[in-house]
Amino acid sequence: MSIELQIQQLREQLNRHNYNYYVLDDPSVPDAEYDRLFQQLKLLESDNPTLITPDSPTQRVGGKPLSSFSQITHELPMLSLDNAFNAEDMSEFNRRIIDRLKTNESEIEYACEPKLDGIAVSLLYEDGVLVRGATRGDGSVGEDITLNVRTISTIPLKLSDKGYPKRLEVRGEIYMPKAGFETLNKRALAQGEKAFVNPRNAAAGSLRQLDPKVTASRPLEMCSYSVGVVEGGTVADKHGDILRQLKRWGFKLNPLLEEVSGVEGCLSYYERVTSLRDTLPYEIDGVVFKVNDLALQKQLGFVSRAPRWAIAHKFPAQEEITLVKAIEFQVGRTGAVTPVARLEPVFVGGVTVSNATLHNMDEVARLDVRAGDSVIIRRAGDVIPQVVSVVLERRPKDTVSVEMLSHCPVCDSKVERLEDEAVSRCTGGLYCAAQRKEALKHYASRKAMDIDGLGDKLIEMLVDLDLLRDPAGLYQLKVEQLAKLERMGPKSAENLVNAISISKKTLLPRFIYALGIREVGEATARALAMHFADLESIMKATEEELLEVSDVGPIVAKHITSFFSQAHNLDVISALIHDAGVHWERIEQTDVTELLLAGKTWVLTGKLELMGRSDAKNHLLSLGAKVAGSVSAKTDCVVAGPGAGAKLKKAAELNIPTMDENQFIAFLQEQGIEI
């Protein structure tokens, strides 16, 4: 086989695979196979440079940077569309068409598709080969972006199949999918660069790069939506059929393309797409309706700037401009102190917005937003409204930069922000009213103080009725108070008070865990208890002393010292121990390294029928083991109950010792642990 024929066959294979992947969304080969074919073609072309053609798949990326864009005059103007904003506008549009056509037909057929929020472009093909790409510009004159559009995988360099006209202009929308936009902005921020405001701006900025290699690095796609110049051949006589022809020739279409009858069909389609809007992988700002029959389109004609046979039914604006009246701080249920912009009310995204989150102080600094600024607000679907950017040319001269509070606006506890963390937090976990419900739920939970019958809804009710303010207040609740609550009654109230009383006798690790110190879980609480043996020593420990504990690192040590430095927290702990009578048996201080399972990793899997997984884990922790959630080569033993699956199978593959529940219980009893 000649080199020329090999190259031709490789190009045909790669173009077919590209079509399956980008147009049909149905990959025919794995990426690795595509890469192998691509490398084969690249090698053959590098050895035979005279055989390289502009439509080769290897030529998508590669041109030299331009010094500027040249101008392109469109052979047929790229007109804009008139807009409809409600059902009345759509009915009026339909009525005008029927009147102009002088027809008795009330059910005009329309082609419908989402209006992508991107950049309109024109692509010219001659003999099936892409020869020019241009922006819409002012509709008459655009910019030559041929080198850039060649880098976009959903734009064919050579048309597929057959039957296409000798000269064919394809028009479409270049856009950036949401996932690609998020990735691009994360990368920009990581490199200290400015993030794009929205996917449309990102797409526009990417297309107008003088260096096509920059465009090639951006996640751009294109959907075709019409044709312009058609010479030396014909296209179908209906708009929807033309688009299906374009798909056969290698172009990506929007999968929501549909034909409907009459204005009611249009409105029904609009409602369906509106309901899908927030789930789509790309941004849309409305729906486009076009009279489907080209003969009727020709009869309807144009006004000066728009076709009479098409309209864009726009969604409510997702971005608006408004004024920042103030920047305040609110405390979340986990103690996160979040800056919030109080706004001059503005209608955006279908609702009136008067507040917008600023997330954290890094975001405040990035935006440089201040009270008195005019800002662009964005609200998409149910997403919390956010400030997109500041309109700096409208900034008053007397604005002041925002600083994080030093103390919580709710409880006056110290606000801290650790290194490498974006969020600042209130340290008054047991005391802060903003965190009250979550702190109480955690305190009463099964792995903490295990107060039977004290569920989340009951805690919320007690807090809302101001009957409970902190964990110490639990032990002051009376049967008479509780019996008056909804769905309680005397017996339930008595049972709850008894359960609260029973929780007074606990274990030091449980109590430490119940305090809700950030990042102090069960294992860390147990390690602290075994290392220090009593609560007072933990409370007085320095960061250096805490770092001697096996399960404590620098960040956790800071959380612990910060928690115990707050007077509010100490007051609650004192009330729990001295007033309420919470107590535990003193444990003997133990050198963890001397424990039987010190340095060993165990895994629990399946259902343990004679003891709970939590009890099994605590027994292992008491013996110094680390209890992991997955099996690896570092696992020392797996305890497997009925229903054990993948973890048990992996243990067998790695020759890791296993025990069933009976063997595990026998092992624990040998260590003097009562079951």
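Visitor: In which hand does H17 pass H22?

Guide: In this predicted model, H17 passes H22 in a right-handed crossing. The axes of helix H17 (residues 522–532) and helix H22 (residues 613–622) cross at roughly 35 degrees and come within 11 Å.

Visitor: What makes the contact of H17 with H22?

Guide: On H17 the residues are Glu522, Ala523, Arg526 and Met530, and on H22 they are Ser614, Lys617, Asn618, Leu621 and Ser622. These residues divide into three nonpolar, three polar and three charged.

Visitor: Why is the aromatic pair of Phe93 and Tyr110 called tilted?

Guide: The planes of Phe93 and Tyr110 stand at 40 degrees. Planes under 30 degrees apart count as stacked and those over 60 as edge-to-face, so the rest are tilted. The centres of Phe93 and Tyr110 are 6.0 Å apart, and a pair requires centres within 6.5 Å.

Visitor: What parts does the pair of Phe93 and Tyr110 tie together?

Guide: Phe93 lies in helix H3 (residues 87–101) and Tyr110 in strand E3 (residues 109–116), so the pair ties together parts that are 17 residues apart in sequence.

Visitor: How do you know that Trp602 and Phe664 form an aromatic pair?

Guide: Their rings are 6.2 Å centre to centre, and the limit for a pair is 6.5 Å. Trp602 is in strand E21 (residues 601–605) and Phe664 in helix H24 (residues 661–670), 62 residues apart.

Visitor: Why is Trp602 counted as buried?

Guide: Buried means under 20% relative accessible area. Trp602 has 5% relative accessibility, so Trp602 counts as buried. Phe664, with a relative accessible area of 0%, is therefore buried.

Definitions and conventions. Residues numbered from 1 in each chain as written. Predicted model: local features only at pLDDT ≥ 70, side-chain atom pairs only at ≥ 80, totals over all residues. Heavy atoms only, no water. Axes fitted to C-alpha atoms, helices over the stretch in contact; angles between N-to-C directions. Helix = DSSP H or I, 4+ residues; strand = E, 2+ residues; numbered from the N terminus. Left-handed = near helix turned anticlockwise from the far one by under 90°. Contact = heavy atoms within 4.5 Å. Nonpolar A, V, L, I, M, F, W, Y, C, P; charged D, E, K, R; others polar. Buried < 20%, exposed > 50% of the residue type's maximum accessible area, 1.4 Å probe, protein only.
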